[in-house]
Amino acid sequence: MKIKIAVLLGIALVLALGLKLSPTNGVSSSQGDEGQRRLESLAKDLKLDVGKITNSGTVQNMVGIRSENVLFSQRRDSRTYFIQDARYGPDKNAGVFQGSDEMLVERSRSVLKVLDIPSDEISKANILREKTQAGYIDRRTRKVVPEAPRDGKVYAEFWRQVSGVPVFSSRALVGLTKEGTVGFMELHWPVIPKATVEEGRRLQALVRGRWQPPSQKDAVVESVEAGIIHSPALGFVMDIYPAIRVIYRAADYKVGRKMTLYLDGNGRPVPVPRQFEKVETTPAKTRPRK
Amino acid sequence: MRRLILVAAFLLLPLFNLQSQLRYSTGAVRDYIPNGCGGPDLPLTIPEADNFRTWYGLGGFSLTTQWTNTNVWGADFRDGTDTDPSGGSDIVDIYFYTGHGICQNPPAASSGDFITVCSPNGRPNTTTIGTSSRWGNGSGRLKFAFIDASCPMDLVSISNQWFPVFRGLHMGVGHSGTSSSDTLDSVTRGSQFAAHTAGLPFPFSWIFPELSVGDAWMSDGTIDIQSGGCCAVAIAAGNDRNDAINRRENEHVKSGWGNPTPNWFAWKWMCR
């Protein structure tokens with residue numbers, strides 16, 4: 001009850017003050033409207049069954065449109081798109097694409113083309129298959145009774161290179177409905193500055209030459225590859241760095257989660273690409289012993 | 001008028017969040033060698049947990065503990081000591097662990113799943129999940145166990161290692177793999193999973209893609225893992241078959257669903 005009163009009072013206060021703050025966080029209304037119109041146009045090109053748009057707007061670095069079933073949004077500071085159709089899935093109305101892997105890849109490529117992804121930047125296409133299973137423990141025999149695994153969603157996943165330099169952090173994940181329209185998509189493919197690509201190529205030359213990764217105690221170098229890293233899809237800033245990725249496996253073969261370093265040409269760590277302007281780090285203090 | 005409503009929403013956000021204060025903790029272990037354990041170290045775990053917390057902070061969750069390195073204890077994950085108020089994994093609704101696990105090559109149905117920390121306290125440092133972890137029992141309240149290690153949820157042993165731990169727990173996520181097809185140390189995997197599951201409030205909820213726990217892990221759990229058989233795995237318990245499947249497919253961290261009686265289990269996985 002107290003909360004309801006506070007909410008009503010708050011709304012009344014805001015309306016009374018007539019504040020003119022922009023929810024678009026520095027983006028002008030016309031830019032926001034333009035972004036929404038562009039998404040609506042792209043939705044038509046992609047043959048998305050959006051239906052009646054119930055919400056649209058710009059918040060921070062994102063612009064989007066939403067209907068009862070579909071979300072279609074985009075980052076404004078990166079070539080990054082998100083599509084979710086609530087009807088997508090093996091037991092849902094829109095179903096899951098039933099065509100061949102080749103058809104899934106081909107149709108997904110055409111989606112990327114509509115979104116202006118250069119086809120020569122696609123370095124590899126994978127098929128990722130979700131599998132589902134259920135089971136219980138028979139109380140009488142105490143044995144597990146599993147059902148047979150079933151097929152779930154199927155995704156085409158695309159990896160990226162620019163002028164022969166792999167971009168480790170870019171990815172497109174596309175799931176299609178039984179009709180072949182997009183049921184789920186996360187496409188994160190930011191434009192890479194030319195200078196970064198050139199530095200990436202320089203690092204590739206170093207790796208091909210005498211560059212040696214730093215040795216690590218209890219670890220053995222498994223792979224060394226030069227490329228580009230950048231901030232992930234969901235975030236409020238976009239950092240892009242050329243880097244040499246070194247993957248180590250544990251000398252004790254059992255210890256899992258492989259140490260992975262991103263280094264510059266001098267073997268120093270490159271900064272971790274940010275997701276926020278500022279992240280609160282863990283305060284240094286010691287946990288009291290019992 | 002729309003702007004005014006938006007502004008009102010921004011100002012009133014904390015009040016709405018009061019209604020959905022789920023508690024969570026993070027545990028991140030970077031330093032293994034400096035603290036006398038077998039390595040290698042994992043320099044990306046702490047920034048991964050930092051970003052996880054930033055997303056969950058935006059989502060309005062209440063942070064309980066955020067221990068790193070030797071302050072993360074093996075005892076935090078074992079029944080009987082996991083309700084330690086200074087950092088046990090069962091004192092919160094959501095626990096995110098990032099650090100080492102142990103893989104077999106290949107695992108068998110009788111193989112264990114492990115969480116491996118490095119601390120002089122709360123030893124032993126390695127916890128066998130299937131025999132030692134029980135979440136949601138007694139005074140425990142854990143509903144979501146997010147384990148971003150390697151091989152803490154091997155498919156071949158999932159019934160032995162994970163069915164017993166559900167004592168109120170709703171869902172767990174982890175990986176199945178081998179020593180040669182494993183997870184990489186990553187900032188992105190856990191933090192983007194947090195972004196997808198945090199259930200950001202209005203007006204972010206208009207635009208930010210939110211996913212169920214199971215779907216988010218299928219998408220984000222496959223980031224920075226090796227090909228050849230490493231899989232993102234999510235498992236849910238349910239009162240019956242349909243409940244377990246519904247939770248696996250549709251439960252969000254903020255769904256507010258009651259604790260299941262673990263009669264059935266439903267899991268899914270996606271391998272690279």
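Residues are numbered from 1 along each chain as written, and chains are lettered from A in the order in which they are written. In this predicted model, local features need pLDDT of at least 70 and side-chain atom pairs pLDDT 80 or more, while totals for chains, interfaces and linings use all residues.

**Exercise 1.** Determine whether strand 9 of chain A is enclosed or open, and which strands pair with it.

Step 1. Strands are DSSP runs of E with at least two residues, and helices are runs of H or I with at least four, numbered from the N terminus. A residue is buried with 20 or more other C-beta atoms within 10 Å of its own, exposed with 12 or fewer, and partly exposed in between, with C-beta atoms placed from the backbone.

Step 2. Six of the six residues of strand 9 (residues 171–176) of chain A are buried, so the strand is largely enclosed by the rest of the structure.

Step 3. In a regular strand, side chains alternate between the two sheet faces. Here Arg171(A), Leu173(A) and Gly175(A) lie on one side, Ala172(A), Val174(A) and Leu176(A) on the other, and all are buried.

Step 4. Pairing requires at least two DSSP bridges. Strand 7 (residues 150–162) of chain A pairs antiparallel with strand 9 over four bridges; Phe158(A) has Ala172(A) as its bridge partner. Strand 10 (residues 182–188) of chain A pairs antiparallel with strand 9 over six bridges, and Gly175(A) stands opposite Phe184(A).
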